[in-house]
Amino acid sequence: MSTLPATAVLEQLYPVLTKTPELYHEIIQANLGSGQLSVFDLERIRIPTGGGTSWTIASLDGDHEARDFEGIILHWREPRAYWRSSFDATGGGTPPDCSSDDGIRGIGTPGGACETCHLARFGSDDNGRGQACKQMRMLFVLLPGNFLPAVMLLPPTSLAACRKFFLRLTSLEIPYYGVLTKFSLEKTKNKQGIAYAEVRFGVARKLQPEETANVKRLIESIKPSLQRVRGQLQEEKEIREEMPL
């Protein structure tokens, strides 16, 4: 068992927490220039289809499988995407007819306020159960040893579990970045018997005040870049296959 203080252990796993905002921006600017980040610039944490319970996590050494993993959530937002034609009809590869990076205002057809849009109502999709305009949650998760966070796109089937986890943290007065989050998968089925995996969230451990302060400093450094990350919601096949409601 390590005799190092918990803060030192966390900094060993996440050395980016020791970087000053100035150095962080210097490295970003040197390697990425002034262009905006996209999802394609960041590593992906992919949720398996068909009810698989192993994660596929991308890295410089290639993809690897994991039953569960731990990370620090640095940022999140709730994008939306709507396709007028079915996936079977188009064969995929088409951008959404309407999409929203923030889940507040849609751009395209019909566009406008998401909250009052009829396509965001439950029962508006073709099967009469879910939403025609798919709501997701995009999590930016810092993995051990990484300088930039990876992206996890949660489908509607995992939104309830994520919100419950965030609410539980809120009731304990803990910000989402104040814990080391454990991510796992649970196989389940919808009413039609189609198997899919739901994401499960847990607390690996609560961060100490000094650790949380270091994470918050990192978030303040990277948040402007993450807020500009384009959702790239034209990844139609991935989005629509992961939504077996």
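Leaving aside its neighbours within four places in sequence, which residues is leucine 139 in contact with?

Modeller: First, a word on the source. This is a predicted model, numbered from 1 along each chain as its sequence is written, with local features needing pLDDT of at least 70, side-chain atom pairs counting only at pLDDT 80 or more, and totals for chains, interfaces and linings using all residues. Side-chain values use heavy atoms, and hydrogens and water are left out.

Now leucine 139. Contact means heavy atoms within 4.5 Å. Beyond its neighbours within four places in sequence, leucine 139 is in contact with Ile73, His75, Trp76, Ala150, Val151, Met152, Leu154, Cys162, Phe183 and Phe201.

Leu139 belongs to the largest nonpolar core, which has 51 residues. Such a core is a set of buried Ala, Val, Leu, Ile, Met, Phe, Trp, Tyr and Cys residues joined through side-chain atoms within 4.5 Å. Buried means under 20% relative accessible area, exposed over 50%, and partly exposed in between, with a 1.4 Å probe and protein chains only. The members that touch the most others are Ile45, Trp55, Leu139, Leu154 and Phe183. Apart from this core lies another, of six residues, including Tyr82, Cys98, Leu119 and Ala132. In soluble globular proteins, nonpolar side chains tend to be buried together.

Helices (H or I, at least four residues) and strands (E, at least two) are DSSP runs, numbered from the N terminus. Two strands pair if DSSP finds at least two bridges between them. Isoleucine 45 has isoleucine 57, in S2, as its bridge partner. S1 and S2 (residues 55-57) pair in the antiparallel sense, over two bridges. The open sheet has three strands, in the order S1-S2-S3, with antiparallel pairing. S1 (45-46) and S3 (64-66) stand at the edges with a single partner strand each, so one side of each has no neighbour in the sheet.

What of the cysteines? A disulfide is a pair of cysteine sulfur atoms within 2.5 Å. The whole structure has zero disulfides. For cysteine 117, the nearest cysteine sulfur is that of cysteine 133, 6.3 Å away. Cysteine 117 counts as buried, because its relative accessibility is 17%. For cysteine 133, the nearest is that of cysteine 114, 6.0 Å away. Cysteine 133 is buried too, at 9%.

Last, the whole chain. The protein chain has six helices and 13 strands. Of its 245 residues, 46% count as buried. Among contacts between residues at least 6 apart in sequence, 65% join residues at least 24 apart.
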